[in-house]
Amino acid sequence: MKIAIYPGSFNPWHPGHTNVVEQALKVFDKVIIARGLNPDKLTGEEFLMQLKDTSFVNVPIPDWSGLVDVTSFTGLLTDFVKQTHAHAVIKGLRNAQDLEYERAQEYWNNVLGLNIPTYYVMAPAHLLHYSSSALRTLNTFKKGK
Ligand code: PNS
């Protein structure tokens, strides 16, 4: 069984993330969504609730039962990956800015001893405008109403 690990901060989860998982499932048998924990941000419980709240992202999250695990980690991604049986890390790219950021992340992960490849999937055109930071801003205004 081929397993991909999809790490990120996912703060919040959005349709671009959903699309990365969908693309990964075309090649891998299982995807582990691994949220890097920042103590200042959401708790694991809050994240799971958000992931289940389809109204938050405006599109339903597909039925991934059995295909997707959701977990979280603290510390280095490299160390976490070694505790899993993942065969590849998967990341999404929207633009050149993402590419530059991810290139540096991959470099450090490899220096730190990541022993599986990192693969990238491109966001489709209709999802290019989604970013967690834009959604956080929009959400702030919603909360103000
Ligand atoms: O793409 P994102 O959402 O910014 O990724 C966040 C995350 C959690 C995947 C990334 O920050 C991470 O891997 N954090 C753990 C620390 C680490 O291993 N950093 C890579 C070396 S600098």
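## Ligand contacts

A polar contact is a pair of N or O atoms within 3.5 Å; within protein, one atom must be able to donate a hydrogen and the other to accept it, and residues adjacent in sequence count only if both atoms are side-chain atoms. In this predicted model, an oxygen atom of the ligand lies 2.8 Å from a polar backbone atom of L77. The side chain of Y101 has an N or O atom 2.8 Å from a ligand oxygen. For the side chain of S9, the distance from an N or O atom to a ligand oxygen is 2.7 Å. On its own the ligand has 550 Å² of accessible area, and the protein covers 71% of that. Accessible areas come from the Shrake-Rupley method with a 1.4 Å probe; for residues, only the protein chains shown count as cover.

Two notes on the basis of these values. Residues are numbered from 1 along each chain as its sequence is written, and side-chain values use heavy atoms, with hydrogens and water left out. The model is predicted, and local features need pLDDT of at least 70, side-chain atom pairs count only at pLDDT 80 or more, while totals for chains, interfaces and linings use all residues.

## The shell and the pocket

Which residues come nearest to the ligand? They are S9, G75, L77, Y101 and N109, out of 15 residues around it. A residue is near a molecule or strand if one of its heavy atoms lies within 4 Å of it. The shell divides into seven nonpolar, six polar and two charged residues. Here Ala, Val, Leu, Ile, Met, Phe, Trp, Tyr, Cys and Pro count as nonpolar, Asp, Glu, Lys and Arg as charged, and the others, Gly among them, as polar.

Helix α5 (96-111) and strand β1 (3-8) each supply at least two shell residues. The largest share, five residues, comes from α5. The ligand takes up the space of the largest pocket. On a 1 Å grid over the protein atoms alone, a pocket is an open set of points with protein on both sides within 12 Å along at least five of seven lines. A molecule sits in a pocket if more than half of its atoms lie within 2 Å of its grid points.

## Overall architecture

The protein has six helices and five strands. From the N terminus on, the order is β-α-β-α-α-β-α-β-α-β-α. Helices (H or I, at least four residues) and strands (E, at least two) are DSSP runs, numbered from the N terminus. Of the 145 residues, 41% are buried. Buried means under 20% relative accessible area, exposed over 50%, and partly exposed in between (1.4 Å probe, protein chains only).

Helix α1 (residues 15-24) is largely enclosed by the rest of the structure, because eight of its ten residues are buried. The buried ones are P15, G16, H17, T18, N19, V20, V21 and A24.

## The β1-α1 loop

F10 is in the loop between β1 and α1. Its phi is positive, about 50°, although F10 is not a glycine. F10 is buried, at 3% relative accessibility. P12 lies in the loop between β1 and α1. A cis peptide bond joins N11 and P12, with omega about 5°. Most residues other than glycine have a negative phi, and most peptide bonds are trans.

I32 sits in strand β2. I32 is buried, with a relative accessible area of 11%. I32 and A4 are 28 residues apart in sequence, but their C-alpha atoms are 6.2 Å apart.

L37 belongs to the loop between β2 (30-36) and α2 (44-52). L37 is partly exposed at 32% relative accessible area. L37 and G75 are 38 residues apart in sequence and 8.1 Å apart in space, C-alpha to C-alpha.

Methods:
1 Å grid on protein atoms, 1.4 Å probe; cavity = no way out; pocket = protein on both sides within 12 Å on 5 of 7 lines; lining within 4 Å.
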